[in-house]
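Dear colleague,

Please find below the structure that I am handing over to you. My notes on it follow directly after.

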Amino acid sequence: MTERIDLSDEPIHWELGSSLSYGEYLQLDKVLGAQKPLSYEHDETMFIIVHQTSELWMRLMLHELSAALACIRRDDLDPSFKMFGRVARVQTQLISTWDVLSTMTPFEYSAFRNALGRSSGFQSFQYRMLEFLLGNKHPDMLAVHKRDPQAYEALKRALEAPSLYDEVLRLLSRRGYGIPEDYLSRDFREPYRPSKQVAGAWLGVYHNAEKDWDLYELAERLVDLDHNFQLWRCHHLKTVERIIGYKPGTGGTGGVSYLAKALELKFFPELWQIRSSM
């Protein structure tokens, strides 16, 4: 026989009075009321929740990375390490969402896929903000957001602003490491191009790790961020391949073939290049 837990000595607030409840504080009526399947298929609810959960985790990533960027701008790196550490944990959660989605078979997805129309993760405002923030700039990507003027303007500002890596290179320059001048005041709308001089600066940081430990630690946090992003892309590709094979994506891309193009992309290329030189 299972015994009940004795609550007699627990000072539980059975009456909340004027205090917010748990559900009210988290606005769970909105969060849990946001799953509105367009079909009667069982798996569509899971599909919606996985993508909504991913968007919430990306919301936290943007929050943490924006704060880390502010730390880098003012050369106060210690607080940023906690933020980068949290982002790494969030990335682990994002990667694991593909495990849940991969429980859906091609037959189950095809049962409601047509209801999605042209909607696609390709149109994710937050994902594009993350890519722009991390330096994967592509002006053409703005076009798909024209129907949302607020999102379009936010992405346009992110496109034109220095990326996280641009600000890191400015910090290296202020600390006395040789960063080419045209990398400090370039057209930030353009994709980043690797530089031998920048690679040399990073080698200097690693060779002077004892003196500039915070820059050394920053470099490794950036590698963690880049590495986890690559794992996320890889899991995304394999999940899509498992569920739809080589069909085009709902957003008009080639699906797996489009995702494969991003697998070799690195946000901080010199940090990978110099590993062969150490």
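In which segment is the place of isoleucine 5? Isoleucine 5 sits in the segment before helix 1 (22–26); helices here are DSSP runs of H or I with at least four residues, strands are runs of E with at least two, and both are numbered from the N terminus.

Please note that this is a predicted model, in which local features need pLDDT of at least 70 and side-chain atom pairs count only at pLDDT 80 or more, while totals for chains, interfaces and linings use all residues. Residues are numbered from 1 along each chain as its sequence is written, and side-chain values use heavy atoms, with hydrogens and water left out.

Overall architecture

The protein chain contains 13 helices and zero strands. The C-alpha trace spans about 70 × 55 × 40 Å along its principal axes. Where contacts (heavy atoms within 4.5 Å) link residues at least 6 apart in sequence, 71% of them join residues at least 24 apart.

Surface and charge

The protein chain exposes about 16,500 Å², and carbon and sulfur atoms supply 55% of that area (Shrake-Rupley method, 1.4 Å probe; for residues, only the protein chains shown count as cover). There are 33 positive and 38 negative charges, and their mean positions are 7 Å apart. Lys and Arg count as positive and Asp and Glu as negative, without His and the chain ends; each charge is placed at NZ of Lys, CZ of Arg, CG of Asp or CD of Glu.

Isoleucine 5 is exposed, with a relative accessible area of 72%. Together with Leu7, Ile12 and Trp14, Ile5 forms a nonpolar surface patch with about 480 Å² of accessible area. Patch residues have over 30% relative accessible area and no salt bridge; nonpolar side chains (Val, Leu, Ile, Met, Phe, Trp, Tyr) are joined within 5 Å and like charges within 9 Å. A salt bridge is a side-chain nitrogen of Lys or Arg within 4 Å of a carboxyl oxygen of Asp or Glu.

Two loop residues

Glutamine 27, in the loop between helix 1 and helix 2 (28–31), has a positive phi near 50°. Glutamine 27 is partly exposed, at 39% relative accessible area.

Aspartate 75 belongs to the loop between helix 3 (43–73) and helix 4 (78–101). Its phi is positive as well, near 55°, and aspartate 75 is partly exposed at 33%.

Yours sincerely

Methods:
Buried < 20%, exposed > 50% of the residue type's maximum accessible area, 1.4 Å probe, protein only.
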